[in-house]
Amino acid sequence: MASRGSSADAIEVFMRDFGGFGGFGEVFGQRGRSSQAGPPRGESLRTTLSLTLSDVAHGGTHTIPLALLETCQTCDGVGTVIADPCPRCHGEGRVRANRELEVEVPPGVTSENYITLRGRGHVGPRGGARGDVVVLLDVQEDPRFIRDGSSLIHERPITFSEAALGAEVTVPTLDGSATVRVPPGVQSGALLRIRAQGLPPLNGERRGDLLVRVVVWTPEHLTADQEELFRKLRDVEDEAPERVARSDDKGFWSRVKEAFTGS
Ligand SMILES: [Zn+2]
């Protein structure tokens, strides 16, 4: 269970698989149960908030439309008007009303997290306290990126000649785009790092990195001109080595670090 205290009214973010839903079930088990004397507490309800990766990167305030039970103004929540059921709420003492709740989502959340808004749910019958609103978070898939912890991975195909000669390529980021210099002689599968364009960890300050995975694309169809050039290349090129040098050695990374124009 992780919590984040960022303001006086602390945001509580819980992990679903850390026993959070134990307490969760308890919340829902309270329905209609009168704890001590007095009117019962209102029911808790849950809702789902859809988030983009950009929402996760920056955090922010979201508005959630909800139909909440509110105290009936006709009978003031009593449920009866001189022994007759109130015509508006039919004796329930509550009526449904459309409300908008604001929820502050901290940066770095995942679909495993939920946020509890205490005392923001349905009002209780006959003036009882409000239940809670449990906001389940649903981070949408983004086809451009794979999320790996605080890193984002983007796969970028390049051509043979771009791999051999080097190139500047544009890649998408959560906030727009960035330019990456692909070093000459890059191998297929190499990771190029763009700093601080990933996601922040929950409760963390610094954003992770965007890793651009370079994949050398082999053309499936060649024009006559292209085929002729490739045949000429074959006559002069070196043989492929028995194995490709691993791209995560220190020499490679120090070269790659210098290669960035982004971040
Ligand atoms: Zn009423």
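**Close-up views of a predicted model**

**View 1. Strand 13 pairs with strand 14.** Strand 13 and strand 14 (residues 210–216) run antiparallel and are joined by four bridges. Two strands pair if DSSP finds at least two bridges between them. Strands (E, at least two residues) and helices (H or I, at least four) are DSSP runs, numbered from the N terminus. L191 stands opposite R213 in strand 14. Side chains alternate along strand 13 (residues 191–194). L192 and I194 point to one face and are buried. A buried residue has 20 or more other C-beta atoms within 10 Å of its own, an exposed one 12 or fewer, and a partly exposed one a count in between; C-beta atoms are placed from the backbone.

This is a predicted model: local features need pLDDT of at least 70, side-chain atom pairs count only at pLDDT 80 or more, and totals for chains, interfaces and linings use all residues. Residues are numbered from 1 along each chain as its sequence is written.

**View 2. A196 sits in the loop between strand 13 and strand 14.** A196 is not a glycine, yet its phi is positive, about 60 degrees. A196 is exposed, with 12 other C-beta atoms within 10 Å.

View 3. Strand 7 (residues 113–117) and strand 8 (residues 133–139) run antiparallel, joined by four bridges. Y114 stands opposite L136 in strand 8.

**View 4. R126 lies in the loop between strand 7 and strand 8.** Phi of R126 is positive, near 50 degrees, in a residue other than glycine. R126 is partly exposed, with 17 other C-beta atoms within 10 Å.

**View 5. The largest nonpolar core has 28 residues.** Such a core is a set of buried Ala, Val, Leu, Ile, Met, Phe, Trp, Tyr and Cys residues joined through C-beta atoms within 7 Å. Y114, I115, V135, L192, V212 and V214 have the most contacts inside this core. Among the elements giving two or more residues to the core are helix 2 (53–58) and strand 12 (176–182). Domain 1 (13–139) and domain 2 (146–258) both give residues, so the core lies between them. The domain bounds come from an automatic or database domain assignment.
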